[in-house]
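Q: I have a two-part model to read and want to learn how. Where should I start?

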Amino acid sequence: MLAYVVRSIMQGLIVMLAVAFIAFSMFRFVGDPVVNMLGQEATLQDRAELTERLGLNDPVPLQFGRFLMNAVQFDFGISYRQGRKVSSLIAERLPATVELAVLSAIFALVIGIGLGVFAAIRRDSWLAHVVMTVSLIGVSLPTFLIGIGLIYIFAVELRWLPSFGRGETVKIGWWSTGLLTTSGLKSLIMPVVTLGFLQLTLIMRLVRSEMLEVMRSDFVRFARARGVSERNIEFRHALRNTMIPVITIAGLQLGGVIAFAIVTETVFQWPGLGALFVNAVQFVDIPVMSAYLFFVAAVFVLTSLMVDMIYLALDPRLKSGPGAK
Amino acid sequence: MNQNVPPPPTTGAPAGRLARAWDSDLAYSFRTSPVAVFAAVLALVMVMSAIAAPLIAPYDPFDPASLDLMDGFTRPMQPNEISGKVFWLGSDGQGRDIFSAILYGSRVSLLVGAASVIFSLVLGVGLGLVAGYVGGRTEALIMRVADIQLSFPAILVALLVFGVARGLIPPAAQEQATLWVLVVAIGLSNWAQYARTVRGSTLVEKNKVYVDAARLIGLKAMPVMLRHVLPNVMGPVLVIATINLALAIIEEATLSFLGVGMPPTQPSLGTLIRFGQQFLFSGEWWILFFPALALVLLALAINLLGDWLRDALNPKLR
């Protein structure tokens with residue numbers, strides 16, 4: 001069991017190292033960092049000074065080591081375009097994205113599991129067919145079109161919800177939250193639905209097929225034979241056994257949620273990390289790009305580590321795998 | 001798009017090879033699946049009209065001389081109040097015909113989609129073949145990179161590649177190069193799936209007698225891989241390629257929508273959607289709606305075809 005944990009952590013570290021190397025190469029070899037920071041008009045002396053200060057004259061492996069040390073402390077230097085520390089830019093934008101992503105994940109999980117269970121239990125009802133058809137369409141619709149469609153219906157035609165931004169936010173320490181004001185909550189609805197929709201359809205289809213599978217299995221037949229009530233079978237027996245793959249997929253999808261937030265944030269002009277990243281790509285703002293890459297990679301590695309650990313807790317077979325006695 | 005020409009009938013008097021193709025399992029499964037026929041007709045019409053855009057399009061949307069601000073914001077199917085011109089799907093603020101713009105736009109979308117699929121297919125199949133055939137450290141390295149790549153969403157990888165390419169290409173050449181930068185960016189974000197599949201089937205094929213025979217007559221690794229193993233691992237690859245074409249078209253549209261794709265001078269469907277979004281609030285819905293519809297129909301048709309192909313080629317479902 002310990003070996004399993006150690007191996008998961010080692011794999012995560014290797015991924016982070018690879019990502020750090022990519023981020024470093026971007027910083028060092030794409031464009032000239034000195035020109036980017038000082039502009040074209042700087043004197044040769046200024047340039048030489050900055051080159052020395054950034055340590056760009058040192059051997060490349062040494063530079064990579066220094067980059068790594070800074071990255072671990074989340075210091076990615078100064079944004080070429082905005083002239084501010086990348087870490088403070090990220091910290092400023094982080095709450096918006098985290099609130100959006102977490103709420104979307106919860107939305108997708110709750111509605112997805114609910115609809116999936118419904119579609120499995122009442123698989124022949126017309127409503128279940130409608131749900132399945134809509135989910136099929138949802139898979140082929142690009143995220144940004146879902147967002148635009150929602151804006152058209154709820155902001156342009158019905159005028160119920162704001163079409164962009166976070167609304168009013170409240171500061172709690174350095175964290176700004178939109179969860180405590182009415183306009184903040186209203187602004188969250190459409191982005192959350194847009195971002196969660198794809199995950200919702202995936203989770204729903206997974207829950208439905210897993211559930212149908214479990215309902216056919218022997219232990220459910222025996223439970224029925226023992227006279228356990230249908231409701232009890234559905235929720236205590238079937239749903240429980242469905243949850244293991246669902247948790248895995250949902251955990252791995254959290255990274256996907258963060259990445260698709262790039263699109264959702266652009267559609268709704270949401271002041272989060274994704275929008276920051278798209279801007280950075282447009283203006284080749286390498287420090288911001290590499291910081292974002294590093295951040296997303298860290299989220300990915302952490303979530304897949306967490307999924308591994310949950311697996312360990314849920315599936316007792318892993319505990320007695322190779323590595324245990 | 002409005003001319004629903006069915007694909008030319010192949011029944012006639014099929015002879016020889018054609019007859020055999022008509023009677024094959026694949027063709028039979030195609031004929032008996034209405035969804036597949038519908039998707040194929042839709043895809044064929046859209047691809048054909050995109051290729052023949054200069055012939056079909058009623059206006060040249062990129063000829064500034066033909067644009068007239070007087071024609072701006074004409075509603076679909078209604079004659080313009082001043083000039084009396086009719087635009088089937090309406091016109092945008094500069095008097096550009098939306099229908100023509102969609103024809104030329106789907107041309108760009110299809111070109112980028114197809115080229116990036118070919119790029120990732122060649123790269124992925126090549127690496128997968130080498131990994132499976134050579135094995136050892138090469139295999140471990142290639143598959144590790146593929147794992148890392150697969151755990152990041154394609155859109156993120158494509159954005160990164162795009163940003164890096166922007167930094168490396170001199171500003172003067174950027175507009176010209178955008179199309180190929182997109183092809184590389186989307187291609188690089190999708191190769192890993194091919195590599196995985198091909199490596200898997202190569203591992204199986206490698207141990208078959210015909211490969212031993214080829215090696216025994218003294219062929220080097222390269223010809224064995226390309227001429228003997230490759231044809232036998234291509235089946236599943238074609239299914240992935242079809243579904244990936246739809247994904248690549250959507251990915252390109254997403255990038256262009258984000259403003260990091262095709263420039264307005266050479267718009268794809270995504271660029272048109274990005275452009276149309278600003279008229280959403282002023283009531284000119286057609287500028288956004290028709291390009292979006294074209295994109296969804298194109299992706300849907302290709303997706304349905306891919307689904308059908310996957311089921312038709314799956315021996316378990318026969």
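A: Start with the elements: helices (H or I, at least four residues) and strands (E, at least two) are DSSP runs, numbered from the N terminus. In chain B the elements run α-α-α-α-α-α-α-α-α-α-α-α-α from the N terminus on. That is 13 helices and zero strands. Chain A has 13 helices and two strands.

Q: What ground rules apply to the numbering and to the model?
A: Residues are numbered from 1 along each chain as its sequence is written, and chains are lettered from A and ligands numbered from 1 in the order in which they are written. This is a predicted model: local features need pLDDT of at least 70, side-chain atom pairs count only at pLDDT 80 or more, and totals for chains, interfaces and linings use all residues.

Q: How do I read the confidence, and what is the mean pLDDT of chain B?
A: pLDDT is the predictor's confidence in each residue, from 0 to 100. Chain B has a mean of 83, and 94% of its residues reach 70 or more. For the complex, the predictor gives an ipTM of 0.81 and a pTM of 0.84.

Q: Where in chain B does pLDDT stay under 50?
A: Over residues 9-14 of chain B. A term first: two residues are in contact if their C-beta atoms, placed from the backbone, lie within 7 Å. For residues 9-14 of chain B the model has four contacts beyond four places in sequence.

Q: How do I describe each chain as a whole?
A: Along its principal axes, the C-alpha trace of chain B spans about 80 × 55 × 30 Å. For chain A the spans are about 85 × 65 × 35 Å. A residue is buried if 20 or more other C-beta atoms lie within 10 Å of its own, exposed if 12 or fewer, and partly exposed in between, with C-beta atoms placed from the backbone. In chain B, 43% of the 318 residues count as buried. In chain A, 35% of the 325 residues do. Now the range: of the contacts in chain B with a separation of 6 or more, 68% are between residues 24 or more positions apart. In chain A, 71% of contacts between residues at least 6 apart in sequence join residues at least 24 apart.

Q: How do I judge a helix by its length, say H5(B)?
A: Compare its reach with the expected span, which is 1.5 Å times one less than its number of residues. H5(B), residues 98-134, has 37 residues and reaches 52 Å from its first C-alpha to its last, close to the expected 54 Å. H5(B) is mostly covered, with 29 of its 37 residues buried. B:Gly135 follows H5(B), and its phi is positive, near 70 degrees.

Q: Why does B:Leu110 count as buried?
A: B:Leu110 lies in H5(B). B:Leu110 counts as buried because it has 22 C-beta neighbours inside 10 Å. Leaving aside neighbours within four places in sequence, B:Leu110 is in contact with B:Val47 and B:Ala50. B:Asn244 is 134 residues away from B:Leu110 in sequence and 12 Å away in space, C-alpha to C-alpha.

Q: How do I read helix packing?
A: Two packed helices are described by the angle between their axes and the distance between the axes. Axes are lines fitted to C-alpha atoms, for helices over the stretch in contact, and angles run from 0 to 180 degrees between N-to-C directions. Angles under 35 degrees count as roughly parallel, over 145 as roughly antiparallel, 65 to 115 as roughly perpendicular and the rest as oblique.

Q: At what angle do H10(A) and H11(A) pack?
A: H10(A), residues 230-267, packs on H11(A) at about 90 degrees, with the axes 7 Å apart. The two are therefore roughly perpendicular to each other. A:Ala261, A:Ile262, A:Glu265 and A:Thr266 in H10(A) meet A:Gly274, A:Ala275, A:Phe277 and A:Val278 in H11(A).

Q: How do H5(A) and H11(A) cross?
A: The axes of H5(A) (residues 86-121) and H11(A) (residues 273-282) come within 7 Å and cross at roughly 130 degrees. These helices are therefore oblique to each other.

Q: How many residues does each chain give to the contact between them?
A: Chain B gives 30 residues and chain A gives 28. On the side of chain B, H7(B) gives the most, with 10 residues.
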